[in-house]
Amino acid sequence: MSDRAYTLMLDRLRSIAARKDRFSYDVRGNSYVTSDLVAAYQVPSEKDGHASLERVLEHALEHDAVVSGHRDPTDGRMYYTSCRLFTDAHNAFQFAKANGQATVYNWNRWAVMQVPSFEEKDEKVRG
């Protein structure tokens, strides 16, 4: 991606973030993600524990090209992450666990899904 295209994409993502509380955007296809499940990568973060939009965009371009953002209702801050798109919950949960994520977002239902922990799985097997 050229420097100009990269700068325009950053501007586009910031513009989307100003209008929406949650979004997922395919940066290669220049389109919103509006269905299926998105699970976040563990992107190396800044000193405050959250990755900058620039770092997230670079990571997304190197991997699966999906950038997601969600606004924290308590502080109003937008948090960005690089994501992978899935069509099934099992694989999305496995990916999220491998990347240390506690949730997956389901665009089909507009809902945050908690990733079942290994302990919950063991309890179900024992019970």
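The legends below describe close-up views of a predicted model.

**View 1. The largest pocket and the residues nearest its centre.** In this predicted model, the largest pocket has a volume of about 590 Å³. Its lining comprises 27 residues, and those nearest the centre of the pocket are A40, H70, Y80, T81 and Q101. By class, the lining is made up of 15 nonpolar residues, eleven polar residues and one charged residue.

View 2. At least two residues of the lining of the largest pocket come from each of β1 (22–26), β3 (37–40), β4 (66–71), β5 (78–86) and β6 (103–106). The strand that gives the most is β5, which supplies four residues to this lining.

View 3. S68 is placed in strand β4. With a relative accessible area of 8%, S68 falls under the 20% limit and is therefore classed as buried. The side chains of S68 and S24 form a polar contact at 2.6 Å.

**View 4. The largest nonpolar core.** This core contains 29 residues, and L13, F23, V27, L57, V67 and V104 have the most contacts inside it. Two or more residues of the core are given by each of α1 (3–19), β1, β3, α2 (53–62), β5 and α3 (89–98). Helix α1 makes the greatest contribution, with six residues.

View 5. Once neighbours within four places in sequence are set aside, L13 is in contact with F23, Y25, V27, L53, L57 and V67. Another core, of seven residues, lies apart from the largest one; V38, A40, V66 and C83 are among its members.

**View 6. D36, a residue with positive phi between β2 and β3.** Most residues other than glycine have a negative phi. For D36, a residue other than glycine, phi is positive and near 75°. D36 is located in the loop that connects β2 (31–32) with β3. The relative accessibility of D36 is 21%, so this residue counts as partly exposed.

**View 7. W110, a residue with positive phi between β6 and β7.** Although W110 is not a glycine, its phi is positive, at about 55°. The loop in which W110 lies runs between β6 and β7 (111–114). A relative accessible area of 66% is over the 50% limit, so W110 is classed as exposed.

**View 8. V112 in strand β7.** Strand β7 includes V112, a residue that is partly exposed, with a relative accessible area of 46%. Not counting residues up to four places away in sequence, V112 touches R22, T103, V104 and Y105. One of these, V104, is also among the residues with the most contacts inside the largest nonpolar core. V112 and E62 are separated by 50 residues in sequence and, from C-alpha to C-alpha, by 26 Å in space.

Key. Residues are numbered from 1 along each chain as its sequence is written. This is a predicted model: local features need pLDDT of at least 70, side-chain atom pairs count only at pLDDT 80 or more; totals for chains, interfaces and linings use all residues. Side-chain values use heavy atoms; hydrogens and water are left out. On a 1 Å grid over the protein atoms alone, a cavity is a set of points where a 1.4 Å probe fits but cannot get out, and a pocket is an open set with protein on both sides within 12 Å along at least five of seven lines; lining residues have an atom within 4 Å of a point. Grid points are joined across faces, edges and corners, and a volume is the space filled by probe spheres set on the points. Ala, Val, Leu, Ile, Met, Phe, Trp, Tyr, Cys and Pro count as nonpolar, Asp, Glu, Lys and Arg as charged, and the others, Gly among them, as polar. Buried means under 20% relative accessible area, exposed over 50%, partly exposed in between (1.4 Å probe, protein chains only). A polar contact is a pair of N or O atoms within 3.5 Å; within protein, one must be able to donate a hydrogen and the other to accept it, and residues adjacent in sequence count only if both atoms are side-chain atoms. A nonpolar core is a set of buried Ala, Val, Leu, Ile, Met, Phe, Trp, Tyr and Cys residues joined through side-chain atoms within 4.5 Å. Contact means heavy atoms within 4.5 Å.
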